[in-house]
Amino acid sequence: MSRRLSVSVSMIALALLCGVMAGFAADPPIPIGVSVAQTGPLALAGQDQVLGAQIAEELFNKQGGVNGRPIKLVFQDGGSDEPTSINAFQNLINVAKVVGILGPSLSQQAFAADPFAVRAKVPVIGPSNTAKGIPQIGEFVSRVSAPVAIVAPNAVKAAMDINKNLKKVAVLYAQNDAFNKSESETFQQAVRDLKLDLATVQTFQTTDTDFTAQITNVLNVKPDLVIVSGFQVDGGNLIKQLRDFGYKGLIVGGNGVNTAAIFPVCKAKCDGILIAQAYSPAYKSKINDEFKAVYKDKQKKDPPQFSAQAFTGIQVFVEALRALDKKSPLAKMDLAALRIELNKQLIAGTYDTPLGEISFSTGPGMGGEIVQKQAYVAQIKMEPDGTKGTFVFVK
Amino acid sequence: MNRTLLLQQVLNGLAIGSVYAIFALGYTLIFSVLRIINFTHGAIFTIGAYATYALTGSPFGINGLLAGATLPFGLPFVLALLGGSLIAAICGVIVERLAFRPLRLLGADPLLTLVSSLGVAVALVNVTQYLFGAEPYAFPDPLERWPAAVNFGSASQPVLVRTVQVVIFGVSMVMLVLLTYLMNATRTGKALRAVAEDMTTSSLLGIDTDRLVLLTFVISGFLGGVTGTLIGLSVGLAGPYFGIAFGLKGLAVIVLGGLGDIPGAVVGGLVIGLAEAFVPAQYIAYREAVAFALLFIVLLVRPQGLLGRAQVQKV
């Protein structure tokens with residue numbers, strides 16, 4: 001009896017001692033999970049996101065982290081498919097015990113993996129999920145990537161600035177893909193709202209390679225602007241064939257063609273496509289300049305949207321943690337409470353980020369939907385031989 | 001529908017149809033001699049296109065084993081096309097030796113050959129993806145100095161067809177003439193038809209059937225390579241699966257034209273192309289269904305296809 005008692009007492013003492021020592025020692029870094037596509041077909045985008053997050057870690061830790069306590073990013077490859085991202089999320093939540101997660105790369109992955117975070121009450125910030133319904137997955141899911149519905153119409157406005165007499169619009173979209181269909185509906189609504197003439201709407205399949213019939217119908221209405229919602233191969237091919245048929249007017253592309261991967265498809269004929277963007281390196285602000293300087297130092301080029309959004313996601317976590325720590329010190333909270341409070345805090349805040357000023361709107365059962373003040377439009381400029389191209393910002 | 005639009009739709013149909021026809025020619029050749037559906041044709045067609053791409057000295061992208069690799073030389077497009085088609089022909093020979101010959105020697109059921117060809121097709125596509133990655137490629141455009149489209153109408157009422165499609169139409173007609181000549185007017189053609197009629201008897205008559213079967217695969221592979229390159233020129237190399245996508249349509253074309261009938265493959269291709277061109281604008285995304293519905297109706301009326309001869313059951 002006495003022996004058992006003494007063991008218990010010494011164990012309690014040891015536990016107390018450890019606790020006290022932990023309190024006195026320098027606080028360990030705060031773990032924030034990052035799960036993006038480091039492998040698979042999306043790896044190119046994923047690498048940009050990793051870099052953006054790392055730059056944020058470096059920059060904010062230099063500024064003293066969360067009121068003196070550094071952050072530490074825990075990377076767990078989310079792959080380019082749903083099962084890998086689910087595994088990564090579970091690992092980050094249960095093993096790495098992170099306070100929040102930045103990820104995943106794809107909307108499709110978000111619909112699969114985010115519910116696990118919602119159940120575990122862990123805040124998630126989507127860095128590049130633009131599909132409809134992402135914050136509605138649950139109250140712990142927010143995003144810093146503006147949904148297409150908000151961004152897309154800006155490209156139409158930019159087209160109107162370039163061609164003041166713009167009147168007739170033709171819209172084409174891949175009808176067998178949910179994302180392109182809903183994006184096209186947004187475009188069509190924007191065309192009506194801007195009092196333009198929606199002269200024809202043509203559909204195709206993402207597997208189509210020949211668009212002669214649709215293009216004949218489009219050219220028949222003599223449009224001033226053609227809006228294309230498709231993916232890189234079908235969208236790129238459609239645009240190439242449209243130009244082959246002699247169409248000289250303006251072209252607006254959707255998010256599916258918002259990638260340098262269309263360059264080999266339409267080559268020199270990609271030139272001039274207008275695409276709405278959530279980020280512009282040309283945006284003037286202190287934080288964007290700092291971010292851009294570090295990125296340029298590492299990569300010798302301007303940062304892409306994916307990096308800027310990942311940076312922004314980490315920034316939101318850091319600033320929310322700082323604010324929360326001031327209200328009630330983080331060290332005194334257990335992990336479960338910290339995750340819940342962090343989620344509330346991050347949705348409530350306003351942030352000055354490389355994307356411009358952002359905040360979140362929310363509703364019952366949903367997390368934070370980004371409210372982004374600035375919007376940008378880029379135009380593709382191809383070299384005459386069609387081998388290289390760049391996105392040039394027009395506003 | 002006014003005349004300009006009608007002419008435009010007819011030319012659109014012929015342009016799309018000639019792509020189907022040119023694909024189906026190599027397909028139907030093997031069927032006419034061996035009575036097997038060769039699903040590897042789509043894969044060999046893809047390999048031919050990739051080989052041409054490589055021979056022009058163009059670099060490979062970021063994902064495959066050959067990422068960033070380039071040949072130390074670059075051939076002019078026409079030479080690269082011939083070289084790429086030759087590589088496709090060699091692939092055809094390898095496929096015949098590995099996948100078809102062993103089964104033929106065993107006297108296997110045609111269904112087994114069909115499944116074997118399907119398996120080889122999937123394997124070839126996967127090897128292509130492993131080597132070259134899944135990203136799209138585009139050829140350096142040899143028609144770049146020509147106008148992108150040819151006007152068949154007037155200046156005020158243009159009826160445009162893309163130049164590359166005019167070229168494809170022309171090449172498919174040349175291929176049709178050459179193949180018809182080969183089959184009907186040469187000794188080799190006669191021997192091929194004898195093999196098609198009855199392999200055992202023709203072998204007994206002193207025809208080297210093995211050599212002729214191999215020749216069929218060489219020609220079919222070569223045609224596949226030419227077609228793959230030309231279609232790739234028109235729509236880009238949309239990844240390793242792009243040939244397979246034509247496989248099903250090609251099958252519909254040769255069934256419609258009359259299985260194994262060479263002019264029938266061209267007629268079948270053009271008919272399906274025209275049918276697709278006249279699908280009303282609002283249903284255009286469903287034009288594949290129209291093509292297959294047409295096939296179904298023709299088969300109800302003429303089970304032997306448009307140009308096929310009725311099979312007389314020998315009792």
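Trainee: Is B:Arg35 buried, partly exposed or exposed?

Mentor: Please note that this is a predicted model. B:Arg35 has 13 other C-beta atoms within 10 Å. A residue counts as buried at 20 or more such atoms and as exposed at 12 or fewer. Because its count lies in between, B:Arg35 is partly exposed.

Trainee: What is the phi of B:Arg35, and where is the place of this residue?

Mentor: Most residues other than glycine have a negative phi. B:Arg35 is not a glycine, yet its phi is positive, at about 60°. Its place is in the loop between α1 and α2 (40-55) of chain B.

Trainee: Which element gives the largest share of the side of chain B that touches chain A?

Mentor: The contact takes 22 residues from chain B and 25 residues from chain A. On the side of chain B, the elements that give two or more residues are α1 (3-34) and β2 (160-162). The largest share, 5 residues, comes from α1(B).

Trainee: In the open sheet of 3 strands in chain A, which strands stand at the edges?

Mentor: The strand order is β11-β12-β13, with antiparallel pairing. An edge strand here has a single partner, so one side of it is left without a neighbour in the sheet. The strands at the edges are β11 (350-353) and β13 (369-372) of chain A.

Trainee: Which residue in β12(A) is the bridge partner of A:Thr353?

Mentor: β11(A) and β12 (residues 356-361) of chain A pair in the antiparallel sense over 4 bridges. The bridge partner of A:Thr353 in β12(A) is A:Gly356.

Note on methods
Residues are numbered from 1 along each chain as its sequence is written. Chains are lettered from A and ligands numbered from 1 in the order in which they are written. This is a predicted model: local features need pLDDT of at least 70, side-chain atom pairs count only at pLDDT 80 or more; totals for chains, interfaces and linings use all residues. Two strands pair if DSSP finds at least two bridges between them. Two residues are in contact if their C-beta atoms, placed from the backbone, lie within 7 Å.
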